[in-house]
Amino acid sequence: LRRHAQPRRGVSLWIEVDLRFKLDLGPVKVSGATIRATLDEHGKLKGELRGLAAKLDMAPAIDGEGAVQITADGFYACLAAHIQPLGNPGGPGALAVVQKKDDMIVVGLGVDLPGPIPIAATGLGLYGIGGVFAINGKPFFAPGDPLRAQLDWDYQKPDAFRSADGSAFGLEAVIGTAPDMGFSFSARSGLFLTLPGVPV
């Protein structure tokens, strides 16, 4: 439950309520919703849907869950899917993120592989790949130490980008030692190109 008031002449008040329930629509199951009730300066009450959470169950092929959040200037959506080849629970997973804010559009996708793909004869394997594409947006780094800010930056977070002129494109990969399933060494690295600048 969230409450907000603007301390100025013509005070408006809004309250958000997060509901949890089970609505079975076949393969799609709605599990929650966020509703905002706004009392304007004229005393009129208005309600609106601000978010929705749902699950997808298409066993034995695909299952997943995600949520959509509606903001004042756009929306943010995140969907995690699990592919079950032949009913194997260790199958690959995918994460999709879509964000729209003003004129900015950000689309991100990450795939977690069920096992390593060998990289030549290096003893390393590829465990996952991902990427992001932003239109009219650039990465936003928290103030403070610039190196720490870039290491902590994650394109999957809602505040990872800010509206700006230009575009950004990036790819990332998760690699690790193949014989021991990444126990000895595992790392995630990415290269993101922006105009201007090349954050790594």
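**Exercise 1.** State the accessible surface of the protein chain and the share of it that belongs to carbon and sulfur atoms.

Solution. The accessible surface (Shrake-Rupley method, 1.4 Å probe) is about 12700 Å² for the protein chain. Carbon and sulfur atoms hold 66% of that surface. The model is predicted: local features need pLDDT of at least 70, side-chain atom pairs count only at pLDDT 80 or more, and totals for chains, interfaces and linings use all residues. Residues are numbered from 1 along each chain as its sequence is written, and side-chain values use heavy atoms, with hydrogens and water left out.

**Exercise 2.** Find what percentage of the residues in the protein chain is buried.

Solution. Buried means under 20% relative accessible area, with a 1.4 Å probe and protein chains only. Of the 200 residues in the protein chain, 26% are buried.

**Exercise 3.** Trace the pairing from strand E7 through E8 to strand E9.

Solution. Strands pair if DSSP finds at least two bridges between them.

1. E7 (residues 93–101) pairs antiparallel with E8 (residues 104–118) over nine bridges. Gln99 has Val106 of E8 as its bridge partner.
2. Two residues lie between the strands of this hairpin, and Asp102 has a positive phi near 55°.
3. E8 also runs antiparallel to E9 (residues 124–139), joined by 10 bridges. Here Val106 is bridged to Ala134 in E9.
4. The hairpin of E8 and E9 has five residues between the strands, and Ala120 in the turn takes a positive phi of about 50°.

Key: Buried < 20%, exposed > 50% of the residue type's maximum accessible area, 1.4 Å probe, protein only. Helix = DSSP H or I, 4+ residues; strand = E, 2+ residues; numbered from the N terminus.
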